Amino acid sequence: MATLDDFRNVTPDPIRLDFANGWIGDVRLNSGDVNGRTITVEITDNGLPIQPAGITAALAYNTDPGGDLGDRVAMTTVPDAETATFRAAVPRKALLKPGPILLGIEFTVNGTKTCSRNFHGIVERAVFDSTSPDVDDKLGRLEQLIADAEQATGDANAAASSATGAANKANTAASSATNAASSATSAASKANTAADKANASASKADSAASSATSAAGNANTAASNANAAASSANTAASKANTAASDAASAAGEARDAADAARTSTIEWDQLSEDCKTKIAATASSGVPIATQEEIDQAYRDVIEPNLSGPAPLTQDDIDWAMSIINP
């Protein structure tokens, strides 16, 4: 399939250079091109073809020689050529201003650079003239639109960034809210557990209070019973004291009676007839009758030791003594 490669060349044939100072004619260019026209150059060495390996080439241009630094673009190797051949499109930057521009070819090999003779490119004004005064206004509006678009793009990017940050914060807040809800649920569960324990403790306290009240009632009852027992004991003690007093009094009377009986002498005539009869019956039955002297000795041996000692008289002693007084 045919291509436009040869059609785009600024010359019918490639520019041929057999030595560095070879002449190159002017070329015609158009300011309406956008990487359109190409410059092709082939190099030989004293008429002999050379291999492109190790050789690089560049198209240099300057739109204001002496007032501008100029620029260059790299040239590519044309494949399958008989000798080293290079090609490059004239860049749009070189065609901005109609009129002559300065061109040249630079070759670099083994650390050396060789520049061709300068040649001119004649830049024709484009039919669609982007340099006309009307274009300036349109370009100004276009540039303003581009600036506005860039500003809008920047604002949109900033808004998107802010939205992303807000979304991240919202996600963080949602996560924090979830964690807080979980913590609140846990705290509520613990509070419920504590409330259950408090209720159980309150129930136990109520039971303990009831038991304490019952114990207090029992204690009061026991105290009342103890008071009653104490009162009964006091009464019994009082009665015992009274009985002891009566016993002591009886013992005294018995002692007095015994003393009287011991010291008194009863004449036979003073005895009653019944007593005399009983004595006579006793004597006739063979029961010995004690003499006064024997009675005195028995008193000294039996009664007197008990009267003088700490031990009180027994009931038998009292009964014996009373039987003497009241036969």
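**Buried charge and core in a predicted model**

User: Is E106 buried or exposed in this predicted model?
Analyst: The model is predicted. The relative accessible area of E106 is 11%. Buried means under 20%, so E106 counts as buried.

User: Which side chain makes a polar contact with the side chain of E106?
Analyst: E106 is found in strand β8. Leaving out residues up to four places away in sequence, E106 touches residues including T56, A60, K113 and C115. The polar contact spans 2.9 Å, and the partner side chain is that of R72.

User: How many residues apart are E106 and R72, which meet in a salt bridge?
Analyst: The N to O distance in this salt bridge is 2.9 Å. The pair links distant parts of the chain, with E106 in strand β8 and R72 in strand β6. The separation is 34 residues.

User: What is the relative accessible area of R72?
Analyst: Buried means under 20% and exposed over 50%. R72 falls in between, so it is partly exposed. Its relative accessible area is 44%.

User: Which residue is linked with R72 and E106 in a network of salt bridges?
Analyst: R72 and E106 meet in a salt bridge of their own. E106 also touches K113. The network links R72 and E106 with K113.

User: Which residue forms a salt bridge with K93?
Analyst: The structure holds 8 salt bridges. One of them joins K93 to a residue with the closest N and O atoms 3.5 Å apart. K93 lies in the loop between β7 and β8, and its partner is 22 residues away in strand β6.

User: Where do D274 and K278 both lie?
Analyst: Their side chains meet in a salt bridge, 3.4 Å from N to O. D274 is partly exposed at 47%, whereas K278 is exposed at 53%. The two are 4 residues apart, about one turn of the helix, and both lie in helix α2.

User: How many residues does the largest nonpolar core have?
Analyst: Nonpolar side chains tend to be buried together in soluble globular proteins. Here, the residues with the most contacts inside the largest core include L29, I39, F86 and F107. Strands that each supply at least two residues include β2, β3 and β8. The core has a total of 26 residues.

Conventions:
Residues numbered from 1 in each chain as written. Predicted model: local features only at pLDDT ≥ 70, side-chain atom pairs only at ≥ 80, totals over all residues. Heavy atoms only, no water. Core = buried A, V, L, I, M, F, W, Y, C linked by side-chain atoms within 4.5 Å. Buried < 20%, exposed > 50% of the residue type's maximum accessible area, 1.4 Å probe, protein only. Polar contact = N/O pair within 3.5 Å; in protein donor to acceptor, adjacent residues only side chain to side chain. Contact = heavy atoms within 4.5 Å. Salt bridge = Lys/Arg side-chain N within 4 Å of Asp/Glu carboxyl O.
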